[in-house]
Amino acid sequence: MSLFATLSRSVALAVMLVVSSPAALAQLEPTDEQRQAAVEIADSLRYGHYADVNFDEAWSQDTFQRYLDILDGQRAYLLRSDIEAYRHLETSMADAIFSGDLDDAFNLYNTFSERQRTRVESLLTQLDEGLDFNFESNERLEIDREESPWASRQSELDELWRKRLKNDALTLALTDQDSEQIETNLRQRYEGQLTRLEQTEPEDVFGVLMAAVTGSIDPHTGYLSPRQGESFDIQMSLSLEGIGALLQSDGEYVKVASLVPGGPAERAGVLEPADRIIAVGQEEGEMVNVVGMRLDNVVDLIRGPKGSIVRLDVVPAQAVDMTRSQIVEITRDTVSLEDQAASSEIIEVERNGEPHRLGVINVPTFYVDFDAWQAGEEEYRSTTRDVAKEVEHLKEEGVEGIVLDLRNNGGGALQEANSLIGLFIDRGPTVQVRDAQGRIQLYGDSEAGTLYDGPLGVLVNRLSASASEIFAGAIQDYGRGLVLGTPTFGKGTVQTLNDLSHGQIKLTRAKFYRISGDSTQNRGVEPDIDFPSLIDPERIGESSLDNALAWDTVQNVQYRRYGEPENMLEQLIAQHDARAQDNANFRYLERQSTLARQLREQHTSVSLNREQREREMEAQEAEQLSLENQRRRALGLEELDEWMDARIDATAGIGGEESDDAAASQESESEEDEALAVDRAYVLESAEILLDYVHLQDSQRLAAKR
């Protein structure tokens, strides 16, 4: 049910082969096992999928186009004539899959792989002859060619690749590499691609074809080869020794989709969603360029024994040019329940000279120790049990309200979402689940009584998904508290994993609906009060995925309302806006979000003139640096000279007066750093809003008594 459990299969596996799909010198043919599996997959989609799939000519066209996009999304290898020879699949793809007749689809792949192999060999030949780029022309290279027409002549692709090779060389030159280093790195990249092409097996082709077939229906349905299924089982047991990051393909690059709560990458604080990884290295030795590498091969490079170090060359999500990378180190480790346990803190807010105490409980995931639970142990660990302990502690401390922080919580055990809601309501429904036949099953909290009935806030962001959305939506529907932050991920579907005669299929079988009748699918949960965000919803979230199932509604259920916080929103938003105007971190988030979107929209091509490229980069980074330094000036912090330095300080402000007492100075700086962190601004403002809510409730109660 979690983002990790569902998105990782559909995105990290279904799109696993979106990058360059390798080819071998020999002609690859489908095996009898794969033909049979194709028929079983088609039947599963027809009779088992939540959506009513019509395998008509329109579906064949969509699937054929998706197959081409997976093979050659940038229109860089295939000619129009190559495609025309297989154009009949546009109308017969459904028949081919249902009958297991995969020969033409495999032959199209063979044509593509031959074009790719020829191209890579040509690039290596050019390197043998020596590069002679002066980077003084006024040429530009189009970045995204997904909508470009297919080339009709080989000369068109030759010109494209001349520019691509020039850009690859310029990108390395801008990182201060000399000509020898540039040629060495490019040779390593292309030879690696050629090696992977020669190692391609029929299972790779079948995986690409099935990704097109299943992905044409929804992004969370997908075929898992025997190898992928085994790998996924390891992931789901959390025994995988790696960095704890969910990766997905993004054109020729591999990007970070999300971080596993409590995992090594999150603890290190060096990766963020939408960061792109361009090279991987071990603790010692050369970095391996992974641009154009298949996702599963990149994952294999990143995995390793617990305690070992992996180095990643990362382009930050906010960077607009691929030259702006930095190498980070992460120590591989496993993720345990202890790493994902709920924790709390008390925040003091001053109003009119008086201190007020608000509690914040961080809930990284919805977890339960299934083994201990099934064994009948009384003290098994779970989200609800751990949060309950934190609530009791905060009540003893006399807090005036509690904020549950569900940011980056990708979900987990549905039973825990239901039972956690039960801590804050006196029994009632929590979520509806509708299957393909239209049957609706109602889940809820059956235990009487509440653990905490005081003022409540729920803080969410774009990476709050699945069970997190169920919880936030229920709190909002019940009028039990305020939902703050940004629109959530929108993962409102349920998948099951079914065995095939060859491999497995992950199938979308149901959808989640709130007790109000609204789906969480695609739209997510809209917060009562919006916060600015640096996570681009066009790049991260359900609505950013191809063929995501639509938002819809079902009949609402009967439930008790605990309050009417919507009646106070106008006042709460006005008070929040007034603070945000004086809050340097919030102003920065708003302006940086707008600037990042503008820069991405403008960045449709790159200059192949070195001086012009440097000027464009400097201008873009000057804008980003200016925003960062405006924030720092307002907070009394030391300004930065380079925009890339902002990435290092993004989660911890720096500054503070020196003290004669070193220990006191260090403690003071630590407290100031925590208070000034950009990410910290969300938590602090949530506490401020909840206090506003408390005071408005008190005012209403006093007015009602008069």
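**Entry 1: a salt bridge to start**

I looked up D128 and found that it forms a salt bridge with R187, the closest N and O atoms being 2.9 Å apart. A salt bridge here is a side-chain nitrogen of Lys or Arg within 4 Å of a carboxyl oxygen of Asp or Glu. The pair links distant parts of the chain: D128 sits in helix 6 and R187 in helix 8, 59 residues apart. Helices (H or I, at least four residues) and strands (E, at least two) are DSSP runs, numbered from the N terminus.

I note that the model is predicted: local features need pLDDT of at least 70, side-chain atom pairs count only at pLDDT 80 or more, and totals for chains, interfaces and linings use all residues. Residues are numbered from 1 along each chain as its sequence is written, and side-chain values use heavy atoms, with hydrogens and water left out.

Is D128 buried or exposed? D128 counts as exposed, at 56% relative accessibility. R187 counts as partly exposed, at 23%. My cut-offs: buried is under 20% relative accessible area, exposed is over 50%, and partly exposed is in between (1.4 Å probe, protein chains only).

In one of them, the side chains of R66 and D546 meet at 3.4 Å, N to O. R66 lies in helix 3 and D546 in the loop between strand 18 (529–530) and helix 17 (569–582), so the pair ties together parts that are 480 residues apart in sequence. R66 is buried, with a relative accessible area of 19%. D546 is partly exposed, at 47%.

Next I checked E139, which forms a salt bridge with R162; their closest N and O atoms are 2.3 Å apart. E139 is in the loop between helix 6 and strand 1 (140–142), while R162 is in helix 7, 23 residues apart. R162 is partly exposed, with a relative accessible area of 29%.

Which residues form a network of salt bridges? I found R351, R579, E685, E688 and D692 linked in one.

**Entry 2: the cores**

I turned to the largest nonpolar core, which has 69 residues. Such a core is a set of buried Ala, Val, Leu, Ile, Met, Phe, Trp, Tyr and Cys residues joined through side-chain atoms within 4.5 Å. Y67, F206 and M210 touch the most other members. Helix 6 gives the largest share of this core, nine residues.

I followed M210. Not counting residues up to four places away in sequence, M210 touches A38, I41, I97, G215 and Y223. Contact means heavy atoms within 4.5 Å. A second, separate core has 34 residues, including A342, A388, V458 and V483.

In helix 12 (residues 295–302), the buried residues are L295, D296, V298 and I302. They cover an arc of only 155° around the axis, which puts them on the same side of helix 12. The arc is that of the directions from the helix axis to the C-beta atoms.

Where does E379 lie? I found E379 in the loop between helix 13 (370–374) and helix 14 (383–396). E379 is exposed, at 62% relative accessible area.

**Entry 3: the whole protein**

I ended with totals. The protein has 22 helices and 19 strands. Of its 706 residues, 57% count as buried. Among contacts between residues at least 6 apart in sequence, 77% join residues at least 24 apart.
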